[in-house]
Amino acid sequence: MVQEAIGELIVGRFEIDFLMLVAAVGAALLGAWAEGALLLVLFSLGHALEHYAMGRATGAIQALAELAPSTAIVKRGGTTAEVSVNDLRVGDIVVVKPNARIAADGFVIEGTSSVNQAPITGESVPVDKEPVPDAGQASRKPSSLAAQHRVFAGTVNGSGALEIQVTKLASDNTLARVVQMVAEAETRISPTQQLTKHIQLYYVPIVLGLVALLHFAWLVVEEPFSASFYRAMAVLVAASPCALAIATPSATLSGIARAARGGVLIKGGGPLESLGKVPAIAFDKTGTLTTGNPKLTDVLTADSIAEEELLRVAIAVESLSDHPLASALVRDGQQRLGQVISAEAENLRSVTGRGVQADFEGQSIAIGKRTLFSEIPGPPIPPELAAAITRLETGGRTTMVVRAGQRYLGVLGLMDTPRQSAKQTIACLRKLGVQQMLMLSGDNQSVADAVAQEIGIDEAFGDLMPEDKVDAIRKLQSSGGVAMVGDGVNDAPAMANAAVGIAMGAAGSDVALEAADIALMSDDLSHLPFAVGLSRQTSRIVRQNLWFSMGMVVFLVPAAILGLDMGPAVALHEGSTVAVVINALRLLAYPSVDP
Ligand SMILES: Nc1ncnc2c1ncn2[C@@H]1O[C@H](COP(=O)(O)OP(=O)(O)OP(=O)(O)O)[C@@H](O)[C@H]1O
Ligand SMILES: [Zn+2]
């Protein structure tokens, strides 16, 4: 305490601890050793309780870090050995026994099991895991692997034994990054916290002035100097804004810790507070409200073009693209053809938000939405093909027009389905008080409208380029604030312009984890109402704490002036500080909303 007080003095600012120290030393100097000692005892007792309670919140975060085992069983050169996780290298094969905690991030190469991922993603249902078809290919791009192949350090294996190939060093795995980000979050200051800092800056000097003045009370009322001094000291204690100072940080810390346990990473008090306040939430469509796993539903060829030709060209080009539409086309197209197309195009150039261009068998190929072809040189879309596109779009299809050289080969229709949890999530958010739910999509307006209608979104904006999404967010932001939910990859600019950027499925994506203010670790929308609810509850508790602690000062100061003793004044003062922290700890027990 003394150190803290001196430290603050050195940086030239009065702090609460300093006030208390003045009171204690003052009492002792005047020969009232007993009072001085009582003051110090009560004071440190209060602080000990407060530290203990705050420790509960920080402990919740610390517990997260201890989820990962410290050793792993590694297969190297035909033998197995137990090594420290810090000695694991990318590419190592780790053996995971049944019911053991997984020691590293990686993908499954042997065995099947179901893994409880709740510690990382908050998903209550275990996720089935199976080996990747080709380990060599998987290791080249592990971040694009499906959930049934990937595993995370800190999750708990089910009843099957697994062998996994390590993709991340222990210091760099998802768990380590989450722990680090939560730790950083603790140090970020929320707006309300800044407010209380501000109050302290003016408030403390005013209190000191009042206390100095009260020393001269014996000049006005008839009493000995020592009586005036005691009163001044009691007022000093009564006026110390300890509870006020701890009101917000204690709640923020508990809120962040609770969220982390529920698979929601909140990067600081700022995002935690704003999420509970925003009147509107905007969602990206593909991969956020929909599964992001579309199916090829229609193949319409232009006159005199064979379906094989259309599909072969489209597959050769799209196998180079990593857009979800592209992988769907490659997968379903080959199935429809009944053969694997191994021919690959060259020189892929993507036209953001519109489509792709590439060279294939001596021709320049363009694939994309209607507007692509009014922007690149070449003949316009013939009327009968345009009619077919319109028909598909009215039917809720995403369309991909294919042109080879000067010839239009046809149009492909794809359909994505809304996530199962989407409709319920939207309803849940509405019940929590979010007034407006919007959708931003690069897809055509008909598809956007169809999805919005199905899941209960208020308004859908389609045909948006990434920069249009940013503009839309800016506009919403200036009319009351908006949170943006996306995958954090191509929505990063829009997310950055929102009051709060929320990324989904962040456990699998470093980029998303980095870009978001709030990250839903699981690829599951239903954790969003939990985050919003928790955030609102945090704001409520902060408000209660602020009122209570200010109320206590407003009561105690006059009471002390009118003669309340030092003992009760200190007890009430420290009691209120502890009460504030305990109130904040209630957040640790905030229930997860089950969908
Ligand atoms: N590789 C591609 N092949 C064909 N068309 C593409 C490709 N990439 C994008 N497009 C076209 O551009 C449109 C917009 O793509 P963009 O990536 O901006 O949005 P999205 O992520 O698919 O949708 P949302 O904005 O709803 O998440 C797509 O709907 C599609 O018509
Ligand atoms: Zn205090």
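Trainee: Which residue is the bridge partner of A366 in strand 16?

Mentor: R403 is the bridge partner of A366. This is a predicted model: local features need pLDDT of at least 70, side-chain atom pairs count only at pLDDT 80 or more, and totals for chains, interfaces and linings use all residues. Residues are numbered from 1 along each chain as its sequence is written, chains are lettered from A and ligands numbered from 1 in the order in which they are written, and side-chain values use heavy atoms, with hydrogens and water left out.

Trainee: How do you know that strand 15 and strand 16 pair?

Mentor: Two strands pair if DSSP finds at least two bridges between them. Four bridges join strand 15 to strand 16, so they pair. They run antiparallel. A strand here is a DSSP run (E, at least two residues), and a helix is one too (H or I, at least four residues), each numbered from the N terminus.

Trainee: What joins strand 16 to strand 17?

Mentor: Seven bridges do, and these strands also run antiparallel. In strand 17, L412 stands opposite M400. The two strands form a hairpin with two residues between them. G405 in that turn has a positive phi of about 60 degrees.

Trainee: Why two faces?

Mentor: In a regular strand, side chains alternate between the two faces of the sheet.

Trainee: What share of the shell around ligand 1 does strand 16 give?

Mentor: The largest share, three residues. The shell divides into four nonpolar, eleven polar and seven charged residues. Gly counts as polar; Asp, Glu, Lys and Arg count as charged.

Trainee: What makes the S441 and ligand 1 pair a polar contact?

Mentor: A polar contact is a pair of N or O atoms within 3.5 Å. A polar side-chain atom of S441 lies 2.7 Å from an oxygen atom of ligand 1, so the pair qualifies. For S321, the distance to a nitrogen atom of ligand 1 is 3.2 Å. D284 lies 2.7 Å from a ligand 1 oxygen atom, again through a polar side-chain atom.

Trainee: How much of ligand 1 does the protein bury?

Mentor: Taken alone, ligand 1 exposes 610 Å², and the protein buries 94% of that (Shrake-Rupley method, 1.4 Å probe).

How values were computed
A polar contact is a pair of N or O atoms within 3.5 Å; within protein, one must be able to donate a hydrogen and the other to accept it, and residues adjacent in sequence count only if both atoms are side-chain atoms.
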